[in-house]
Amino acid sequence: MLEGRILVSAIMLIAFAAAVGLAFTYAPEARFLPLVIGIPGLLFSIIQLIKELRERPEPVVTSEEQRREGRMFAWAVLYGVFELFLGLPLFEGLVFQWIFG
Amino acid sequence: MHFDVAFSTLFDLLTTPRLLFLMAIAVPMGVFFGSTPGLGGKLGLVLLIPFVYNMDQLTGAVFLCAMHAVVHTGGSIPSILIGVPGDGPAAATALDGYAMTKKGEAGRALGASFGASTVGGLLGAMFLGLSLPILEPIILNFSPAEFFLLAILGITFIATLSGDSFVKGMIVGLFGLMCAFIGLDPSTGSPRFTFGQIWLWDGLSVIVAVLSMFAVPEMISLGVKGRAYDISAETAAKLQGSSSSPEPVSRKVSYAQIFHGMRDVAQHKWLVLRCSLLVAAIGVIPGLGGDAAAWMAYGHTVQSSKHPERFGKGEVAGVIGAETGSCAKEAGSLLPPLFFGVPGSSGMAIMLGAFLMLGIQPGPTMLTEHVNIVWSLIWALVIANIFAVIMLTATGPWIGRLGTMKASFLIPYVLVFALLGCYLYGGIWQNLILVLVMGSLGYLFKRHDWPRAPFIIGVILGKIAEDSLQKAIGLFGASFFWRPISLILIAMILASVGFYLWRSRRTNKAVPSHA
């Protein structure tokens, strides 16, 4: 199974690769800074991923901890979906906007 | 010196019921966030930012500043009563504070802590006010060229906030900078990284960034761990047994004990003055955050004592030194973000984000056009500290219950406020999805020891750097690097990176890697 620390490095590598690739499609003035930042970011991500792949595997996470993590994520996502589809933010937003101005 | 502005702003603050009311709300909130292990000042700022969005600049800034000013005062409560420091600076207080509680002197320790943090906060604010005339000519000489380099300097501080891994810190910081480029390009007006979504044209909001990176991961982590705090073996050893001590510990607090502690502060007046000035000056230096300041003040207290052997065993001077240090640095740490746009710590990065969101642009205009805001913030620090000591002294015998509150009860409320805050900013429902996705990434960062503060610094400084670079090139052309102040700043950038690399090499040599 893919370890979490490798997954994080891989996510960052993919994010920078995609951002640099996209930046090349922009006008020269618009892509200058994204490339100045994105290329070092990509290089650092490659270094980090290689470092993580070479390191010893991390201690196995207990199934109890994994279960709790899964439950917390599910709760957060379900809450987001609940808010999204039932329009709750609108209600809460109106109330709090009224209170705080 | 703007004496007229200084006193007129104080008059305005004291005669505006709305501002006084908001400060009176902000102070208990700050104490609550500080005293509940697992929450803390950063999360407090993050959660309150959405509610200042519609306030005017002055009101919003005063509200946040007053809340943040007393967080460390609240943080001393669990440190003293249960030996659980909520953050790094509070660990210095716990050393002697908890030992005093074990000796049955909890009230005296709390009184000393409240008194010292109030006097420290007041002296720190005075230091900031008195340093303005000295800084004014320097700040007014800065042009967009220097502000671009200052933004780069701020980004190099990412390294100092990166913990053990420079590479991880740089990746997260650069990722934050990339996220700052989301939206319309200021020079061509063409959309960048918007994926055809019009709601992204305005860019990634600082609110969404801070809530995703701090509020959501902290709450998920609290839910997973089921407890609010983790004491390292080292800290536990320092605390000499901590809360697992088999001896019964009396946490009874009386008014007499609290006033005894306050009298101790008066007896150590020179120590308080020395610690305040030392730490207020250190607070100005970006990168040397609260931890260093509190431990430096504690170290100075031990060094200058005639009985250094008593420290760690319940010496009241230890509590006074550490608390003065924690609170005196607050005012000094406001200086870099307000005048140079460079946050010196993750808390100040969030504060800077809030200032920018309120439309407060750091730089020379803070001294020319918005000096009233600067003085209002200084007075807000003063008033908040006075409010805090009155409130804490009055509620002293009962305040200890705050420190034993289970932070995990707060998870649903904090998450609701976080998601609500994201929605309130512009009324964009898509921000809810963004905060959940980025919050998950933030949790992965936290879970695998990736620093998160550099992301916020990147998001904030990215926009400042890009704007300043364009203005600098427009004003001076590419030769702006050769201006004298620019050269000094370039030297500082190189020195900052060099110092970090030298320090990590030395640490690696001293401590063999576990990998």
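Here are some notes on chain B of this predicted model and its contact with chain A.

1. First, the conventions. Residues are numbered from 1 along each chain as its sequence is written, and chains are lettered from A and ligands numbered from 1 in the order in which they are written. Since this is a prediction, local features need pLDDT of at least 70 and side-chain atom pairs count only at pLDDT 80 or more, while totals for chains, interfaces and linings use all residues.

2. Chain B comes to 22 helices and two strands, taken as DSSP runs numbered from the N terminus (helices H or I, at least four residues; strands E, at least two).

3. The contact between the chains takes 42 residues from chain A and 40 from chain B; two residues are in contact if their C-beta atoms, placed from the backbone, lie within 7 Å. On the chain B side, helix 9 (166–180), helix 10 (206–225), helix 19 (411–424) and helix 20 (430–447) each supply at least two residues.

4. Do look at helix 3 (residues 40–52) and helix 16 (residues 346–357) of chain B, whose axes are 9 Å apart at an angle of about 5 degrees. Axes here are lines fitted to C-alpha atoms over the stretch in contact, and angles run from 0 to 180 degrees between N-to-C directions.

5. Helix 5 (residues 71–81) of chain B is mostly covered, with eleven of its eleven residues buried. Just after this helix, Gly83(B) takes a positive phi of about 70 degrees.

6. Helix 7 (residues 106–140) of chain B deserves a glance for its kink of about 50 degrees at Ile134(B), shortly before Pro137(B). The bend at a residue is the angle between axes fitted to the seven residues ending there and the seven starting there.

7. Finally, two phenylalanines are worth checking. Phe193(B) has a positive phi near 50 degrees, and Phe195(B) also has a positive phi near 50 degrees. Phe193(B) counts as partly exposed because it has 19 C-beta neighbours inside 10 Å, whereas Phe195(B), with 8, counts as exposed.

Note on methods: Buried ≥ 20, exposed ≤ 12 C-beta atoms within 10 Å, placed from the backbone.
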